[in-house]
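Dear colleague,

Please find below the structure that I am handing over to you. A summary of the findings follows it.

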Amino acid sequence: MRIEENYSLLKHNTFHLPAKTRWFMEYENEEELGRILRDEYFQECVSLHIGSGSNLLFVDDFRGIIFHSQIKGIQVAEETDDSVLLQIGAAELWDDVVAYAISKNWGGIENLSNIPGESGAAAVQNIGAYGVEIKDVIETVEAYSRFSFEKRIFTKDECDFAYRHSFFKNEQNEPYIITHINIRLNKKPVFTLYYGKLNEVLGTYPEITLANIRDAVISIRKEKLPDPDIIGNAGSFFMNPVVSIRYFEKLKTQYPDIPSYPLGNDHIKIPAAWLIEQCGFKGKKHGEVGVYEKQALVLTNLGNATGDEIALVAESIRTAVNEHFGIELTPEVKYVG
Ligand SMILES: Cc1cc2nc3c(=O)[nH]c(=O)nc-3n(C[C@H](O)[C@H](O)[C@H](O)COP(=O)(O)OP(=O)(O)OC[C@H]3O[C@@H](n4cnc5c(N)ncnc54)[C@H](O)[C@@H]3O)c2cc1C
């Protein structure tokens with residue numbers, strides 16, 4: 001177990017913000033986690049569990065304890081002729097899990113290639129890309145309550161997954177720390193290829209295989225997203241808003257080119273990037289904060305931005321989109337501090 005005091009989070013957030021935390025604790029296994037959770041001093045402190053910090057915005061120093069898991073490993077928990085159930089430690093990097101699955105020719109998560117972050121957080125966020133979400137493969141999630149310190153195994157239904165949402169994200173719920181996720185992969189993969197750009201790029205490959213899908217996804221993502229190791233960012237800053245068909249039709253009379261994804265329940269998803277671009281933010285710099293030139297949904301730290309400055313630019317984007325389109329953008333990134 002590692003415990004640090006007044007610890008810099010610079011290496012623990014992909015915006016590269018030099019925020020500090022009063023306490024930082026890293027545990028190797030469930031016993032160590034249990035010991036930390038039962039510690040009376042730390043029970044009084046505000047706490048936050050982080051993964052790789054690729055979806056966090058530190059707007060200030062954190063005055064409590066930050067937990068970080070080192071529980072790793074990918075185990076085959078069950079195997080049939082058709083599928084395999086994997087138990088994955090929460091700290092295992094998600095993209096390493098995808099690479100491992102593809103090396104075994106197990107399908108289901110290839111479209112989720114190259115998404116930064118750890119496996120526990122991937123479930124919290126219900127990560128998604130190119131028509132696939134992690135909820136499609138999750139069978140159960142293993143977690144410890146921070147209040148009762150008891151372990152609970154959540155079924156997929158209990159995880160309450162929705163677009164970039166899960167039970168674990170809901171601030172009203174008893175806070176849980178995920179130690180493992182259990183995902184079922186297909187030995188006879190069924191490809192999800194309806195996403196236009198993915199189809200187009202795959203057309204240049206001689207055949208469609210899991211490895212080629214991963215390769216195509218990575219090349220598309222590298223083309224349009226900044227590498228967080230080089231340019232500080234947290235991926236999509238906002239979620240794509242969902243509006244009623246009625247409201248969408250009204251917008252369409254004013255903006256005939258407005259892109260849309262029907263959700264099949266009288267609601268339409270509109271790409272937030274398009275709305276932001278229409279408001280003139282794409283490629284613009286605001287002091288040390290940039291709106292990425294290839295993808296208006298991504299805010300970047302140009303070098304010395306503070307969390308507050310990034311939050312201010314995000315707020316001016318929200319205001320502009322609301323004034324232009326009457327649509328409220330919701331941040332996907334979690335504000336901390
Ligand atoms: C360049 C880039 C591209 C991205 N592309 C995508 C994309 O295509 N699709 C997508 O969905 N996301 C994308 N993201 C967002 C991000 O990668 C995901 O949200 C990822 O799951 C966050 O993982 P993390 O380990 O960094 O979690 P963090 O950002 O550290 O934490 C995220 C949340 O999970 C909680 N958490 C973390 N670990 C645990 C745990 N063990 N138990 C309980 N709670 C925990 C945290 O408290 C927080 O609420 C992208 C980000 C970047 C920087």
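Strands, labelled E, are DSSP runs of at least two residues, and they are numbered from the N terminus. Ile65 is found in one of these, strand E5, which spans residues 62-69. Please bear in mind throughout that this is a predicted model.

I begin with the domains. The protein chain is divided into domain 1 (2-69), domain 2 (74-191) and domain 3 (232-336). Between the C-alpha centres of domain 1 and domain 2 there is a separation of 22 Å. Contact between these two domains involves 17 residues of domain 1 and 15 residues of domain 2.

To return to Ile65, this residue has a relative accessible area of 0% and is therefore buried. Leaving aside neighbours within four places in sequence, Ile65 is in contact with Thr21, Trp23, Met25, Phe42, Cys45, Val46, Ser47 and Leu48. Lys20 is 45 residues away from Ile65 along the chain, and the C-alpha atoms of the two are separated by 11 Å.

The ligand is the next topic. It is surrounded by 31 residues, of which the closest are His49, Gly51, Ser52, Ser54 and Asn55. By type, the residues of this shell divide into 15 nonpolar, 11 polar and five charged.

Which atoms lie 2.8 Å from an oxygen atom of the ligand? One is a backbone N or O atom of Ser52, and another is a polar backbone atom of Glu118. In the side chain of Gln125, an N or O atom is 3.2 Å from an oxygen atom of the ligand. On its own the ligand has 990 Å² of accessible area, and the protein covers 94% of this. Two or more residues of the shell come from each of strand E3 (47-50), helix H4 (119-125), strand E8 (128-129), strand E12 (176-186) and strand E13 (232-236). Helix H4 gives the largest share, four residues.

Finally, I draw your attention to Ser166, which is placed in the loop between helix H5 (156-159) and strand E12. Is Ser166 buried or exposed? Its relative accessibility is 0%, so Ser166 counts as buried. The side chain of Ser166 reaches the backbone oxygen of Val124 at 2.7 Å. Not counting residues up to four places away in sequence, Ser166 touches Ala123, Val124, Cys159, Asp160 and Phe161.

With kind regards

How values were computed:
Residues numbered from 1 in each chain as written. Predicted model: local features only at pLDDT ≥ 70, side-chain atom pairs only at ≥ 80, totals over all residues. Heavy atoms only, no water. Near = heavy atom within 4 Å. Polar contact = N/O pair within 3.5 Å; in protein donor to acceptor, adjacent residues only side chain to side chain. Areas by Shrake-Rupley, 256 points an atom, 1.4 Å probe, with all protein chains shown as cover. Nonpolar A, V, L, I, M, F, W, Y, C, P; charged D, E, K, R; others polar. Buried < 20%, exposed > 50% of the residue type's maximum accessible area, 1.4 Å probe, protein only. Contact = heavy atoms within 4.5 Å. Domains from an automatic or database assignment.
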